[in-house]
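I opened this structure to look up its salt bridges. These are my notes, in the order I made them.

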Amino acid sequence: MISAFFPYLRKPSKHRRSFVGSVDRNWNDQLMTTSSSYLLSAVFAFSYGQFEIALICFITYIGSSLYHRHREMEFFNLDNIFATSLLFTCVYTLVSSYFTHEIYFIIGLMGLPTAMFLIVYCGMPADIRFKDIPGLEVVCCVRTGRELYDTVHALWHLASSVGPCMAVWYFHFKANEYDKTDMSDLNKLDDQIISRLPYLALSLSIFANIAGNIDGIMPLE
């Protein structure tokens, strides 16, 4: 079954299809090494019994590694689907915590400016141009006007890997410490959403990814 979806998950951008050759990043490249931060998130989630989040974090590690190994020209869909599902999960837990966990909400709110800066600086998938690689007859794509993309995106890997750990902490709180006596209908609905959140976030991420592919910006056509 996985093999049926592999061409979609690997789908190359037009930049990869424009030449023949390999411009793979080294395994010790900062974007490769920082991708492993999602492995730590997976281990943390697994230790708390959040197996769905652990699996998504593990696949995010694989997707991020393959995407950056191929210099952002292949495996965008694999990377995007699972990484975005983690983002949706973190956003929902932040909204939910406003009503239930003041400390979690404040910590999450403090991290928002950093997260927004990193996302904006890294740019959208279509915001790219060609760049010559010294010693090679091929080019790779980089973010337009963002010469520090590699460094900033590496920081994004580290920062965004904290998000799933925060979400796991919140899930643990909701399941074991939150007073569920005399809950309002809104709190009951929130509990139902939390119990299904990994699946809902993944479904929403798949929908957004397919829409981006149809529009031709994810990856760039």
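**Salt bridges, notebook**

I started with arginine 25, which is buried, with a relative accessible area of 3%. In my notes, buried means under 20% relative accessible area, exposed over 50%, and partly exposed in between (1.4 Å probe, protein chains only).

I noted that this is a predicted model, where local features need pLDDT of at least 70, side-chain atom pairs count only at pLDDT 80 or more, and totals for chains, interfaces and linings use all residues. Residues are numbered from 1 along each chain as its sequence is written, and side-chain values use heavy atoms, with hydrogens and water left out.

I looked up the partners of arginine 25 next. A salt bridge here is a side-chain nitrogen of Lys or Arg within 4 Å of a carboxyl oxygen of Asp or Glu. Arginine 25 forms one with aspartate 150, the closest N and O atoms being 3.2 Å apart. The two are 125 residues apart: arginine 25 lies in the loop between H2 and H3, aspartate 150 in helix H8 (residues 149-176). Helices (H or I, at least four residues) and strands (E, at least two) are DSSP runs, numbered from the N terminus. Aspartate 150 is partly exposed, at 26% relative accessibility.

I found that salt bridges with shared partners join Arg25, Asp29, Glu72 and Asp150 into one network. Arginine 25 and glutamate 72 meet at 2.8 Å, N to O.

I then turned to arginine 10, whose side chain forms a salt bridge with that of glutamate 74 (2.8 Å, N to O). Arginine 10 is in helix H1 (residues 2-10).
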